[in-house]
Amino acid sequence: MEIVENTLEKGIEAVLDRPLFCFLGAATPEGRPRISPLWFLWEDECVWIIADTVEKSYAKRVRERPETALAVVDFDPTEGLVRHVGMRGEASIVPLDGERVEHLLGKYLGPDREEWDPMFHDLDPDRWGLIRFDPDTVVARDQSYAGSLASVPER
């Protein structure tokens with residue numbers, strides 16, 4: 001993995017360890033780009049994503065065209081925080097790994113598995129797998145600015 005640029009003060013892991021969405025970019029067989037916002041885990045210098053290999057088209061795109069890109073953005077407009085990690089590399093579908101799934105889901109749902117929504121219990125390995133994204137290049141940038149919003153408007 002080549003780090004082309006890194007202007008993050010606290011390092012890449014400071015962004016990748018947070019419970020943020022990654023945006024997985026892959027192309028259709030016709031070459032049309034698609035983006036999928038997904039939960040992820042940064043572990044062993046790879047990005048891991050739980051993938052519905054039956055119902056979701058992003059898993060099919062990874063199988064057909066493993067050359068992919070991935071972005072993670074940490075953004076808070078009230079503070080002017082903008083930190084970005086962008087990666088280019090190859091992705092593959094691999095079988096579920098129970099320990100890695102626990103790490104990934106624990107990042108977003110908390111450490112107590114009993115408190116997780118039941119939909120995250122007992123994933124069927126015939127339907128679910130992991131996307132393993134191996135980055136070739138990484139660009140990490142802190143593009144923060146002096147925050148000018150007193151608060152974010154309510155939804």
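Which residues does L70 touch, not counting residues up to four places away in sequence? C22, F23, L24, V47, I49, V85, G86, M87 and F133. Contact here means heavy atoms within 4.5 Å.

Quick ground rules. This is a predicted model, so local features need pLDDT of at least 70, side-chain atom pairs count only at pLDDT 80 or more, and totals for chains, interfaces and linings use all residues. Residues are numbered from 1 along each chain as its sequence is written, and side-chain values use heavy atoms, with hydrogens and water left out.

Now the core. The largest nonpolar core has 37 residues. A nonpolar core is a set of buried Ala, Val, Leu, Ile, Met, Phe, Trp, Tyr and Cys residues joined through side-chain atoms within 4.5 Å; buried means under 20% relative accessible area (1.4 Å probe, protein chains only). I49, L70, V85 and M87 touch the most other members. Strand 5 supplies the largest share, six residues. Strands are DSSP E runs of at least two residues, numbered from the N terminus.

Next, the pairing. Strands pair if DSSP finds at least two bridges between them. Strand 6 (residues 67–76) and strand 7 (residues 81–95) run antiparallel, joined by 10 bridges. T68 has G89 as its bridge partner in strand 7. Four residues separate these two strands in their hairpin, and there G80 takes a positive phi near 75 degrees.

On the other side of the topic, strand 8. Strand 8 (residues 128–142) pairs with strand 7, also in the antiparallel sense, over 13 bridges. There, R83 stands opposite D142.

Key: Buried < 20%, exposed > 50% of the residue type's maximum accessible area, 1.4 Å probe, protein only.
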